[in-house]
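Hello,

As promised, here is the structure for you to open on your side. My notes on what turned up follow below.

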Amino acid sequence: MNKISKVFWISAAILVVAVIFGVVAPEYFETITSNVESFVTSSFGWYYLILVTIIVIFCLFLIFSPVGTIKLGKPEEKPEYSKVSWFAMLFSAGMGIGLVFWGAAEPISHFAINPPTADPGTDQAIKESLRFTFFHWGIHAWAIYALVGLCLAYFNFRKDKPGLISATLSPILGKYANSRLATIIDVIAVTATVVGVATTLGFGAAQINGGLTYLFGIPNNFVSQLIIIVIVTILFVTSAWSGLSKGIKYLSNTNMILAALLLLLIFIVGPSLFILNMFTDTVGAYVQNIIGMSFRIAPLDLQHREWINGWTIFYWAWWISWSPFVGIFIARVSRGRTIREFLIGVLLLPVVVSFIWFAAFGSTAIDIQQSGLIDLTKFSTEEVLFAIFNELPFSTLLSYIAIFLIAIFFITSADSATFVLGMQTTYGSLAPPNKVKLTWGAILAAMAAILLYSGGLQALQNALIIAAFPFSIIIILMMLSLYKALMKEKKELGLLILPKEPKKKR
């Protein structure tokens, strides 16, 4: 079914109005988003922390539950993609640009600019820098994706519901499953998706601009970023036109090869032993402190609370706003896998790779900062990575690989997003019309440009936190709905864990 739904027209209208508002009154637009963001983080920070932790616990519960054996599809179905391609697609769509953008910038910020609790530049700050980076990009982030993806895959492939966010709520919506309430739910999901993906595209455009500035002296300004957005938009729309299997699959595999190459080169030319030691020590610290970090809100320390708002709450909002997009996408490529296989794959594999990535780039950045050869804190966030490369052997090669990698991640994320948005606005069609995907591609590009124009990276962060809040409520409903449906099926299939009866003596 390729019929365009009401969700498309309503969502598109809301977003077009936002884009026009951003063009006509950029300063007022930035002021409003900043004030709303400040209210949400100061009043509901506790809510974000508790919610995301509950999602982690729920996912772990399902892994060890008897329902973990239930297949996301019909009993005889087998996975559509190999494990290697499956992993490459979910990983590149889920974290791509962010890993490259923040890979060195976040650890160096936590170490030398504004540590979570320690004094800048101290040994304690080094340990905290990677531990909190692991925390922000670890199991909490992927648990959000996993929950949304699991809900969609279960109801779509096993219960034959449409591939819509509202369809996952049918067990608790009942007779209202096809009402105006369902339309509102899907509009919120689409709006959150557009803002989340547009923000990431804004980060990508800014970093490509930063790399070109560092390499060729191209001005680092909005005009340059707008040109980058236009060029990459043409590329990802072309990719989206080719379809999911061709475009996204090949680009995702290319991403993984380039990312692995860049990671290997950094490990070889960087402080290899320091990277290994920091990885080992920080993973241990992350596991030991995960509960405390999960609930850290600093109610009596304004400075620490501001740090939590600017980093932890921002990340939790980012993952929530991205979850409709990533969730739908990983559900689409995970058909035929069991709930247990899906959750273990989504929760563990990308997390381990993310930890290795941040250990390599973060440790290298910290080592260079400590050497005194250059002060990385004087560079803008989007230029930090290239400043690090400049201090390493093969600096030009590393920079070219990074720019190419960011560009392909940009294309992959936007490509996947146009498919997901098309699917959400054509009644869950697994083959949305190209004209719908083209429209969403244009809106994504325009939104990214407007956010950069109205307030740069800070405006991107503000928009994320605002868009995530209403969808977080829907995530709670999705969790309750999935639990209700799984417990019902568990009873129907007789999936019970019972102790074995002792053999009777003859």
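A word on terms before the details: a residue is called buried when its relative accessible area is under 20%, exposed when the value is over 50%, and partly exposed in between, using a 1.4 Å probe and protein chains only. Please keep in mind that this is a predicted model, so local features need pLDDT of at least 70 and side-chain atom pairs count only at pLDDT 80 or more, while totals for chains, interfaces and linings use all residues. Residues are numbered from 1 along each chain as its sequence is written, and side-chain values use heavy atoms, with hydrogens and water left out.

Salt bridges

How many salt bridges does the structure hold? There are seven, taking a salt bridge as a side-chain nitrogen of Lys or Arg within 4 Å of a carboxyl oxygen of Asp or Glu.

One of the seven salt bridges joins E77 to R335, with the closest N and O atoms 2.7 Å apart. E77 sits in the loop between α2 (26-64) and α3 (83-102), and R335 in the loop between α12 (302-332) and α13 (339-371), so this pair ties together parts that are 258 residues apart in sequence. The helix names come from DSSP runs numbered from the N terminus: H or I of at least four residues for helices, E of at least two for strands. E77 is buried at 18% relative accessible area, whereas R335 is partly exposed at 27%.

R332 and E80 form another salt bridge, their closest N and O atoms being 3.1 Å apart. Here helix α12 supplies R332 and the loop between α2 and α3 supplies E80, so the pair ties together parts 252 residues apart in sequence. R332 is buried, with 15% relative accessibility, and E80 is partly exposed, with 45%.

K83 and E341 also meet through their side chains in a salt bridge, at 4.0 Å from N to O. This pair links distant parts of the chain, with K83 in helix α3 and E341 in helix α13, 258 residues apart. K83 is exposed at 57%, while E341 is partly exposed at 26%. Salt bridges with shared partners join K83, R337 and E341 into one network.

The nonpolar core

Which residues touch the most other members of the largest nonpolar core? They are W102, W318, F361, F389, W440 and L482, out of 180 residues in that core. Helix α16 (residues 434-493) gives the most to this core, with 24 residues. A nonpolar core here is a set of buried Ala, Val, Leu, Ile, Met, Phe, Trp, Tyr and Cys residues joined through side-chain atoms within 4.5 Å.

If you click on W318, look for its contacts (heavy atoms within 4.5 Å). Leaving aside neighbours within four places in sequence, W318 is in contact with G98, W102, W137, G196, T200, F203 and L464.

A bent helix and a loop

α2 has 39 residues, but its end C-alpha atoms are only 50 Å apart, short of the 57 Å that a straight helix would reach at 1.5 Å a residue. That expected span is 1.5 Å times one less than the number of residues. At F44, α2 bends by about 70°, the bend being the angle between axes fitted to the seven residues ending there and the seven starting there.

The loop between α11 and α12 holds I297, which is buried at 18% relative accessibility. Not counting residues up to four places away in sequence, I297 touches G45, W46, L49, R305 and I308. A298 is in the loop between α11 (272-294) and α12 as well; A298 has a positive phi of about 50° although it is not a glycine, and A298 is buried at 15%.

D160 is another non-glycine residue with a positive phi, near 60°. D160 lies in the loop between α6 (139-158) and α7 (170-173) and is exposed at 55%.

Cysteines

What about disulfides, meaning pairs of cysteine sulfur atoms within 2.5 Å? A search of the whole structure finds zero. The sulfur of C59 has its closest cysteine sulfur in C151, 8.9 Å away, which is too far for a bond. C59 is buried at 1% relative accessibility, and C151 is buried at 0%.

Best wishes

Conventions:
A disulfide is a pair of cysteine sulfur atoms within 2.5 Å.
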